Amino acid sequence: MELSQRVRAILSFVEASDAGSFASAARALGISSAAVSKNVASLEQALGIRLMNRTTRKLSITEEGEVFLKQARIAIEALDTAVDTVIARKMETSGHVRISTSAAFGRDQLIPVLPGLRTRYPALSVEVDFDDRVVDLVRDNYDLAIRGGRIIDSSLVSRPVCRLSMVLVASPDYLEAHGTPRIPEDGFVE
């Protein structure tokens, strides 16, 4: 009996044992009752033992069947654990991320949240450059950049991450020397 047939046969046996009938096992497995019966019979033939006693109304597991069922459950649980482990690792956020942001934004907004990010995603390594220069994400090998203003390069994908309130301030000496600006251009001094 080849491996895939053996696995189908073992699943049919376990399901029939749990359900108490080939018909119920067939519904659970999405196959016909005849297929479940054939799978269990071929498993018994391959093992050289009777796993179940069958009557028209009832299935009962033999002593050898009980021993085999216990081991089969362990094997199925191990397979389920293997699948769950792979899925969990696939879903785990991991890798290396390079970020470019301005010095002020990095200091005020990013640095305070980095410890929480590291705690939440321990498999993630983060490299941050705090620099006010405009970077070329592709050429400079950054995964993301956090900047204020409008994005000029239309090939980039941008998302707002926060709103910053801005305040225009001036010293009393500046206002005395240049006057109180009423529009942005009034405040420009070279």
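1. Two strands are taken as paired if DSSP finds at least two bridges between them. The model is a predicted one. On that criterion, 3 strands form an open sheet in the order 4-3-5, with parallel pairing. Strand 4 and strand 5 are the edge strands, each pairing on one side only. From one strand to the next, the twist averages 25°.

2. Strand 3 (residues 95-101) runs parallel to strand 4 (residues 124-130), and 7 bridges join them. Within this pairing, His 96 stands opposite Ser 125 in strand 4.

3. Strand 3 also pairs with strand 5 (residues 144-146), in the parallel sense and over 3 bridges. Here Ile 99 stands opposite Leu 144 of strand 5.

4. Turning to the helices: two packed helices are described by the angle between their axes and the distance between the axes. For helix 2 (residues 22-29) and helix 3 (residues 33-47), the axes come within 8 Å and cross at roughly 105°. Angles of 65 to 115 degrees count as roughly perpendicular, and helix 2 and helix 3 are therefore roughly perpendicular to each other.

5. Which residues make up the contact of helix 2 with helix 3? From helix 2 come Phe 22, Ala 23, Ala 25, Ala 26 and Leu 29, which meet Ser 33, Val 36, Ser 37 and Val 40 in helix 3. By class, the residues of this contact divide into 7 nonpolar, 2 polar and no charged.

Conventions:
Residues numbered from 1 in each chain as written. Predicted model: local features only at pLDDT ≥ 70, side-chain atom pairs only at ≥ 80, totals over all residues. Heavy atoms only, no water. Helix = DSSP H or I, 4+ residues; strand = E, 2+ residues; numbered from the N terminus. Axes fitted to C-alpha atoms, helices over the stretch in contact; angles between N-to-C directions. Parallel < 35°, antiparallel > 145°, perpendicular 65-115°, else oblique. Contact = heavy atoms within 4.5 Å. Nonpolar A, V, L, I, M, F, W, Y, C, P; charged D, E, K, R; others polar.
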